[in-house]
Amino acid sequence: MSDMAARFAEIVGSAYLLTGDTIPEDYGHDEELTHPPQRPAYVAKPASAEEVSRLLMAASAHGVPVTARGSGSGLSGAARPRADGLLISFERMNAVLEVDTTNQVAVVQPGVTLTELDDATADTGLRYMVHPGELSSSVGGNVGTNAGGMRAVKYGVARHNVLGLQAVLPTGEIIRTGGKIAKVSTGYDLTQLIVGSEGTLALATEVIVKLHPRLDHSATVLAPFADFDQVMEAVPRVLATGLTPYILEYIDNMTMAALIHTQNLELGIPDQIRDSCEAYLVVALENRTADRLDEDVEKTGELLAELGAVDAYVLEGASARKLIEAREKAFWTLKAVGADDLIDTVVPRGSMPKFISTARGLAAAAGGAAVGCGHAGDGNVHLAILCKDPSARHRLITDILALAMELGGAISGEHGLGRAKTPYFVELEDPAKVALMRRIKQSFDPAGILNPDVVFAAESLP
């Protein structure tokens, strides 16, 4: 065993330190599409913030790059380690430490999965409402990427639901930020700086998350549209009514066809309507009482008909659940049918029609295609890019992301930059902003060990 491995094993225990060929391949990647797995030199599984602190101090002292890992369900490559690096896996730090119903918060360790947190709060009438497409994802991963998901249109992304952290700096200090408080105006907001930093500034070892009431009654309205632009134009009209859907999604016809086929969906839509429509709007509503829910569903159906929907199908119970689950699995479906890359850019809601039509045109001109679905309520567009030639694909993605930024948007809405999108960020972002971020990184991480290939160090692209 090398000196470095012996030092790490001394900290976490030899049973929780893996090296070399004993490291399973799964630790070498997340679910990002374009980079092959990369086995790290070491995998450590700490059990406490103190052990994380000692690992980071040792890594800083010897210049060992460090990557944090929750469930490995990320889509940007942020959990792909360096070959000479240390992967810190939070699988042992997976306790729900407290469910505080008075303050409507939970205190959890970073390795807790969304399913585990939901189970822990099931009897309280409360729940954590950040639900990205994979419920095996961890709360720590939510923090790292500022995760969103379909419910963000009503409940916000991780940034709106993380109230405080215990975090370990790469220099070894353990800090606490925020708390069980709804607001703070005392100095810099370090909680929000760490949320979304993709493991480049500090590693969260405890997370205080906001909980929301569970509402007992829900229904989903599925509306096919013959014209794609009508779907996009309907979104702000739905939101302006005050109905407050907790899910407001669009799904293009190619993606819906793939979901129906792969997930065996029975939605009751006649073939002639499925064949003629260009896209679907999914509106999920919830309420405390069945009567109020029925009123909202009726108003939604009437409004969608006025806005050009071919029809409106009310799905309840199992049918609604299966559709939402299928939409959450859209990435896996598109991956299975051969997507070459995935974009999760975000634009102002009002710019979605122009963005999507232009992006599809750019893809067609490049000899490829851009298909998908997205969180229509908050302008977050998920496009699967089908373009086999690496050089052509890079140019196409660059053009699409540049378009999003020109429209007032950003490269990533919720997946993060990781290793996959960092090169585009460095190429397209304002150099003054990148330089400022570098100075912030230097302040947190003077040795430059935390995820050094993310945000700044662009890997080569064709």
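The structure holds 20 salt bridges. It is a predicted model. Side chains of opposite charge can pair when their charged atoms come close.

Start with arginine 69 and aspartate 26. They form a salt bridge, with the closest N and O atoms 3.1 Å apart. Arginine 69 sits in strand E3, residues 66–69. Aspartate 26 sits in the loop between strand E1 (17–19) and strand E2 (42–44). The pair therefore ties together parts that are 43 residues apart in sequence. Arginine 69 has 5% relative accessibility, so it counts as buried. Aspartate 26 has 45%, so it counts as partly exposed.

Now move to lysine 421 and aspartate 341. Their side chains meet in a salt bridge, 3.2 Å from N to O. Lysine 421 lies in the loop between helix H15 (390–406) and helix H16 (422–428). Aspartate 341 belongs to strand E16, residues 341–343. This pair ties together parts that are 80 residues apart in sequence. Lysine 421 is buried, at 7% relative accessibility. Aspartate 341 is buried too, with a relative accessible area of 7%. Some salt bridges share partners: Arg82, Asp84 and Asp453 are joined this way into one network. Another salt bridge links aspartate 118 with arginine 127, where the closest N and O atoms are 3.2 Å apart.

Next, the cysteines. How many disulfides does a search of the whole structure find? It finds zero. Take cysteine 277 as an example. The closest cysteine sulfur is in cysteine 373, 14 Å away, which is too far for a bond. A disulfide needs the two sulfur atoms within 2.5 Å. Cysteine 373 is in no disulfide either, and its nearest cysteine sulfur is that of cysteine 277. Cysteine 277 is buried, with a relative accessible area of 1%. Cysteine 373 counts as buried as well, at 2% relative accessibility.

Turn to helix H12, residues 317–328. Its twelve residues, at 1.5 Å a residue, should span 16 Å. The end C-alpha atoms are 17 Å apart, which agrees. The buried residues of H12 are Ala320, Leu323, Ile324, Ala326, Arg327 and Glu328.

Which residues make a nonpolar surface patch of about 340 Å²? They are Tyr188, Leu190 and Leu193. Leucine 193 is found in helix H7, which covers residues 190–194. With 34% relative accessibility, leucine 193 counts as partly exposed.

How values were computed: Residues are numbered from 1 along each chain as its sequence is written. This is a predicted model: local features need pLDDT of at least 70, side-chain atom pairs count only at pLDDT 80 or more; totals for chains, interfaces and linings use all residues. Side-chain values use heavy atoms; hydrogens and water are left out. Patches are made of residues with over 30% relative accessible area and no salt bridge: like charges are joined within 9 Å, nonpolar side chains (Val, Leu, Ile, Met, Phe, Trp, Tyr) within 5 Å. Accessible areas come from the Shrake-Rupley method with a 1.4 Å probe; for residues, only the protein chains shown count as cover. A salt bridge is a side-chain nitrogen of Lys or Arg within 4 Å of a carboxyl oxygen of Asp or Glu. Helices (H or I, at least four residues) and strands (E, at least two) are DSSP runs, numbered from the N terminus. Buried means under 20% relative accessible area, exposed over 50%, partly exposed in between (1.4 Å probe, protein chains only). The expected span of a helix is 1.5 Å times one less than its number of residues.
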